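Trainee: I should like to work through several helices of this structure with you. May we take the questions one at a time?

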Amino acid sequence: MTHDNLGTGPAATALYEMVVARSTGDWTKAHTAAKAMASQPITADPEFANLYRGAPAVAYILQTAGHRAYARALAELNAEVVAIVAHRLGAAHRRLDKGIPPRLREYDLISGLTGLGAYLLHRELDSTLGAVLEYLVRLLTEPLAVDGHQVPGWWAATGPSDTPDTAAFTHGHANFGVAHGVAGPLALLALARRAGHTVAGQDDALATGISHLTTWAQPLKGGGTGWPECLPLDTYQQGPQPDAAPTRASWCYGTPGIARALQLAALTLNDDTARRLAEHTALQAATDPRHTGQIVDTSLCHGWAGLVLTTERIATDAALPDLHDALPALRDRLTTETQHHPAHEHTGLLTGAPGALLTLHTLTTTRPVDPEWETCLLLTQ
């Protein structure tokens, strides 16, 4: 376990303590956590550094803190982030020019350029952010050919684990989730536009993403709609299927995260039809036992914390009052599950206690919590 790993390491504790300190004004634990996070070398290797690991992850945490004690370190880290982004963009554009599919780690939120762009939303590095947005426009609007079939530009060359081909994913796959799939770039493009960051073709890319997700909102067996998590080429070519199986109501791959991305894009382009679809589908995912019954832990990634926080943010922007009505029961369930089935303490933001505790703090503290920390989930800016 590396100390500079937000997803699985002690850096998540530092993020939690920073957010709490901003609410309480007591920075003792936050400074201690920051020292622990920096007690080992922080990687700036472009092959390994991303929003959840290395210099960008540490910079994200210190930026969220907003404390003057970290100003010098943050400036040094930002220079490393800019260099990492430049290296990653160069490789990505060369790959695009060749017309071959990317690996997930090129563009996704956890390991790729979408995550790096999420960090840049809160820095005065507009030219670097603009370059990331321009790349994402190409990703969403320039289709590829795989085995003689046209597929979207974000089609992954590998299987969902981003490892070499398996029998089930010989020709790669379509990934719909916000953590690793198309919903991540779509959400970032929408959040950037809402914050005033625009590039040529951005609205076309948003419209393309909206069209794709609305097309793939499949009728579920037993009623309702939902999105697939990932599909191999033969299944993707068959198009949306009736009577699809309900999926787990998770942030990472499931309907809540995808619905939030669609809602953000729809709000940006004033697409009321897509917005209604996103909000109705999110409500169903949050209240239908066929979806919630598949949740087995309290984590942010695929557990109750992720479902509740994502639904809260969708409800904040929703025209549908039923979403607001569903929130008290969801909050109570998260509190109960956290008390009786606490997450592992040292497994990071996405799957461990820091993420669940940070969600509870955000939703229950009497003082407003700056939502900036949630940008690493692409829930808000």
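Predicted model: local features only at pLDDT ≥ 70, side-chain atom pairs only at ≥ 80, totals over all residues.

Trainee: Are helices α11 and α14 roughly parallel or roughly antiparallel to each other?

Mentor: Helix α11 covers residues 255–269 and helix α14 covers residues 304–316; the two pack at an angle of about 20 degrees, with their axes 9 Å apart. Angles under 35 degrees count as roughly parallel. The relation of α11 to α14 is therefore roughly parallel.

Trainee: Which residues of α14 meet α11, and how do the residues of the contact divide?

Mentor: From α11, the residues P256, G257, A259, R260 and Q263 take part, and they meet L307, T310, R313 and I314 in α14. The residues of this contact divide into four nonpolar, three polar and two charged.

Trainee: Does N78 count as buried or exposed?

Mentor: N78 belongs to helix α4, residues 71–98. Leaving aside neighbours within four places in sequence, N78 is in contact with Y119, R123 and L125. Buried means under 20% relative accessible area. The relative accessibility of N78 is 7%, so N78 counts as buried.

Trainee: How far apart are the end C-alpha atoms of helix α7?

Mentor: Helix α7, residues 126–141, has 16 residues, which at 1.5 Å a residue should span 22 Å. The separation of its end C-alpha atoms agrees with this, being 22 Å.

Trainee: What covers the buried residues of α7?

Mentor: The buried residues of α7 include T128, L129, G130, Y135 and R138. Their cover includes α4, α5, α6, α8 and α9.

Definitions and conventions
Residues numbered from 1 in each chain as written. Heavy atoms only, no water. Axes fitted to C-alpha atoms, helices over the stretch in contact; angles between N-to-C directions. Helix = DSSP H or I, 4+ residues; strand = E, 2+ residues; numbered from the N terminus. Parallel < 35°, antiparallel > 145°, perpendicular 65-115°, else oblique. Contact = heavy atoms within 4.5 Å. Nonpolar A, V, L, I, M, F, W, Y, C, P; charged D, E, K, R; others polar. Buried < 20%, exposed > 50% of the residue type's maximum accessible area, 1.4 Å probe, protein only. Expected span 1.5 Å × (residues − 1).
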